[in-house]
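Reader: I would like to work through this model with you, feature by feature. Could you give the general idea each time before turning to the case at hand?

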Amino acid sequence: MRAATQTRYGLDAIEIGDRPIPEPGPAQVRVRIEAAAINPADWHMASGRPSFLRLTEGLRTPRKEILGADMAGVVDAVGEGSTWRVGDEVFGGSKGAFAEFGLCADDRIATRPAGMSFAEAAGLPIAGVTALQAVEHAAVEGKRVVVNGASGGVGHYAIQIAKASGASHVAGVCSASNVAMVNDLGADEVYDYATDDFTADRFDAVIDCAGSRTGSEIRRCLTPEGRWVLLGPPKGGRVLGPLPFVLRQLSRSLFSKTKTIAFVAEETDERLRRLGDLVRNGQLQTVIDKEYGLADLRTAFDHVESARARGKLIIRV
Ligand SMILES: NC(=O)c1ccc[n+]([C@@H]2O[C@H](COP(=O)([O-])OP(=O)(O)OC[C@H]3O[C@@H](n4cnc5c(N)ncnc54)[C@H](OP(=O)(O)O)[C@@H]3O)[C@@H](O)[C@H]2O)c1
């Protein structure tokens, strides 16, 4: 099968080549991948930056040979004890999604919502689950919430999920060219970050996908018991990356009534099913910025690195 692989860190080490079609183990399925999505996490894994992530991803060389995680496709073989059937159409996380076939754990996939294309469904796993967990942490029901970085992969889902979760006022922050899109997704108010300062207003929660403002600026715009859900901190240095910034903000939060919350998203089948339900209810859609072929993966990585994606970037395998 064709796959994007890497035997050392660095975007220049990415190769498109042939690999054996994998066999599913117990409680696993093999999916014929129709579409995959690329995320900032894939950029970090492929580049090996910041270096501290090599502690878990492989010290000298990446532990995972095939790149990519988010996908949608059709179950084509099942391992022992799997509850899925050949022919089921699914989306979720795969151990290597930038390939024609991928192995998925039974409890890391869900049924593709009818009416949603494979490309749209492939956008959901990491970004959608992150948005879902962020909205939960922000406790938005009846509250005023702002999503900073509202036009990106996570942000565009967070706007819609916050609306569906009963927030009284949902605001988004993005560049001028994306204001109309964020409005169309249901935002009550949209700030163009070049001309408007959202921190001059008051919110019960900030879902921060952009990391473009200082901790003091964010805390100033929060109500006394407000929450800052910090998803996209500033990049930071080559070794520790955003870690020192996040730890500093979390420790400040210990002495303040406002809370700073940081977490690593976990794609469970239950969360994927909830995203599927939101899609079926007409409350959640994927905006696709651009589709790339496997041969154009390097360009897709450059697009991710620019942090200017408009919705999701899709890889056609
Ligand atoms: N904790 C976790 O588990 C987790 C999971 C997923 C993602 N993340 C992190 O969350 C962040 C967002 O991920 P993503 O996939 O949504 O990235 P993305 O698709 O690249 O989106 C980034 C967005 O930020 C916006 N932006 C750029 N500069 C801005 C500014 N000065 N003010 C406000 N918005 C600005 C861009 O909008 P314009 O193009 O309109 O400028 C773009 O749409 C990343 O840092 C990622 O690593 C964390």
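The dialogue below takes up the domains, then the ligand shell, then a pair of helices.

Author: This is a predicted model, in which local features need pLDDT of at least 70 and side-chain atom pairs count only at pLDDT 80 or more, while totals for chains, interfaces and linings use all residues. Residues are numbered from 1 along each chain as its sequence is written.

Reader: Into which domains is the chain divided?

Author: Domain bounds come from an automatic or database domain assignment. Here the chain is divided into domain 1 (2-124 + 286-316) and domain 2 (128-261), and their C-alpha centres lie 27 Å apart. With contact taken as C-beta atoms, placed from the backbone, within 7 Å, 11 residues from domain 1 and 14 residues from domain 2 take part.

Reader: Which residues come nearest to the ligand?

Author: A residue is near a molecule if its C-beta atom, placed from the backbone, lies within 6 Å of it. Of the 28 residues around the ligand, G149, G152, G153, S175 and G232 come nearest, and the shell draws at least three residues from each of domain 1 and domain 2.

Reader: At what angle do α1 and α10 pack?

Author: Helices are DSSP runs (H or I, at least four residues), numbered from the N terminus. Axes are lines fitted to C-alpha atoms over the stretch in contact, and angles run from 0 to 180 degrees between N-to-C directions. Helix α1 (residues 40-47) and helix α10 (residues 297-305) pack at about 115°, with their axes 9 Å apart. P40, D42, W43 and A46 in α1 meet F301, V304 and E305 in α10.

Technical notes. Two residues are in contact if their C-beta atoms, placed from the backbone, lie within 7 Å. Helices (H or I, at least four residues) and strands (E, at least two) are DSSP runs, numbered from the N terminus.
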